Amino acid sequence: LNIERGGLYLDATLGRGGHTRLILQSYSDVKVLAIDRDEDALTGTQAALTEDERARLVLWRGNFADYDGEDGQFNGIIADLGVSSPQLDQSDRGFSFRQEAPLDMRMDQSQSFNAADIINHWEEKELADLFYNYGEERLSRRIAKQIVQKRPFYSTTQLAETVYHCAPPSYRHGKIHPATRVFQALRLMVNQELESLDKFLEIAPRWLKVGGRIAIISFHSLEDRRVKYGFREHPLLSVVTKKPLIPGEDEQKSNPRSRSAKLRIAQRIDI
Ligand SMILES: C[S@@+](CC[C@H](N)C(=O)[O-])C[C@H]1O[C@@H](n2cnc3c(N)ncnc32)[C@H](O)[C@@H]1O
C-alpha cells in the first residue's frame, strides 16, 4: 500500500483487524476507516486494539459495496475477501461443513435470508445452476436432484453428507471435500459476494487519491478473475502486479488458510 505518514486508509474487510492494526502501527499519525458487515468483527476487533489505535480508527458497519466514499478520500484501500477465521471456526455460523450447525452462512446477522432458504425452497434447476455458476461444480445436477429428494435439511453436516454420497469414489478422495464447492456457492449467494465485489471494483478506485493503491486478496478463481479484469479495465487504474502475489511455502505452512490467496494491486492514475 506504500503507507504514508498522516495518510487515511480504508480497510474494507476488517475481520479480526490484522491489516488495520498493521496500517495503524506503521506511523503514529496514520488513520483507518474500517468496514465489516459482521457486527462481531467490529466489536471484537475494537476491544483488541490499544486506546491509541482506537483513537485513529473509525468503524462503518455494512456492505463495502454500499459505502459512499468521496473522490480522493483515501491514500490506500485494502480488501481481504470472503469469510474470516472466527466466522469459519464459530460453529453456529454454519460456514463450515466440518461442524454441525444450522444452515445459516450470513456474514451480516441482521439479514434474514440464509442458506436454509436456498436449500429448502429453491427449485431443482435453480439449485443446479447455482452450484455450477457459483461453485464451478461438475456434478451440479446430480447434487441438486438429491437435495430436492432428501429435503428438508436442517444442518451443515446433513447437507455435506448428502453431497458426499453424490460424488464418485475418485472425487470423494480428492484434494478437497466433495461439499466444498456447494458450500462456496451457497455462501456467495447468501452474502451476494460476487455482486458486491463487482460494484466495489467499479466505485472504489474513485475514492483513492492520485498515486494511491488498492490491494485486493481473493481466495478462489471466480473472485480473482473479477479483480484481475476489474483492475485492468478500470479507466482510473494502472496495474502494479502483472501476476498475483501468492504466499510462499513458509506462510502456507504457518497459515494453511492462506493456501489459495492471491493478492493483486493497482494504482490510481492522474487523468
Ligand atoms: C478474510 S476476512 C478479513 C480478515 C482481516 N483482514 C483480518 O486481518 O482479520 C473478511 C471479512 O470481511 C467481511 N466481509 C466480506 N465481504 C464483505 C462485504 N461485502 N462488505 C463488508 N464486509 C465484508 C467478512 O464479514 C469478514 O469479517
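Visitor: Where is Pro152 found?

Guide: Pro152 is in the loop between α7 (140-150) and α8 (156-166); helices (H or I, at least four residues) and strands (E, at least two) are DSSP runs, numbered from the N terminus. Before going on, note that this is a predicted model, in which local features need pLDDT of at least 70 and side-chain atom pairs count only at pLDDT 80 or more, while totals for chains, interfaces and linings use all residues. Residues are numbered from 1 along each chain as its sequence is written, and side-chain values use heavy atoms, with hydrogens and water left out.

Most peptide bonds are trans, and most residues other than glycine have a negative phi. Glu136, in the loop between α6 (124-135) and α7, is not a glycine, yet its phi is positive, at about 50°. Glu136 has 34% relative accessibility, so it counts as partly exposed (buried is under 20% relative accessible area, exposed over 50%, partly exposed in between, with a 1.4 Å probe and protein chains only). Asn2, in the segment before β1, also has a positive phi, near 50°. Its relative accessibility is 49%, so Asn2 counts as partly exposed.

Now try another loop, the one between α10 (180-190) and α11 (193-203), where you will find Asn191. This residue has 0% relative accessibility and therefore counts as buried. Its side chain reaches the backbone oxygen of Arg187 at 3.0 Å, and a polar atom of that side chain lies 2.9 Å from the backbone oxygen of Met105. (A polar contact is a pair of N or O atoms within 3.5 Å; within protein, one must be able to donate a hydrogen and the other to accept it, and residues adjacent in sequence count only if both atoms are side-chain atoms.) Leaving aside neighbours within four places in sequence, Asn191 is in contact (heavy atoms within 4.5 Å) with residues including Arg37, Phe95, Arg106 and Asp108.

Finally, step back to the sheet. Seven strands form an open, mixed sheet in the order β3-β2-β1-β4-β5-β7-β6; two strands pair if DSSP finds at least two bridges between them. Its edges are β3 (57-61) and β6 (237-239), each pairing on one side only.

Follow β5 through the sheet. Strand β4 (residues 74-80) and β5 (residues 208-218) pair in the parallel sense over six bridges. Along this pairing, Ile77 stands opposite Ile214, and Asp80 stands opposite Ile217. With β7 (residues 262-268), β5 pairs in the antiparallel sense, over six bridges; there Ser218 has Lys262 as its bridge partner. Eight of the eleven residues of β5 are buried, so this strand is largely enclosed by the rest of the structure.
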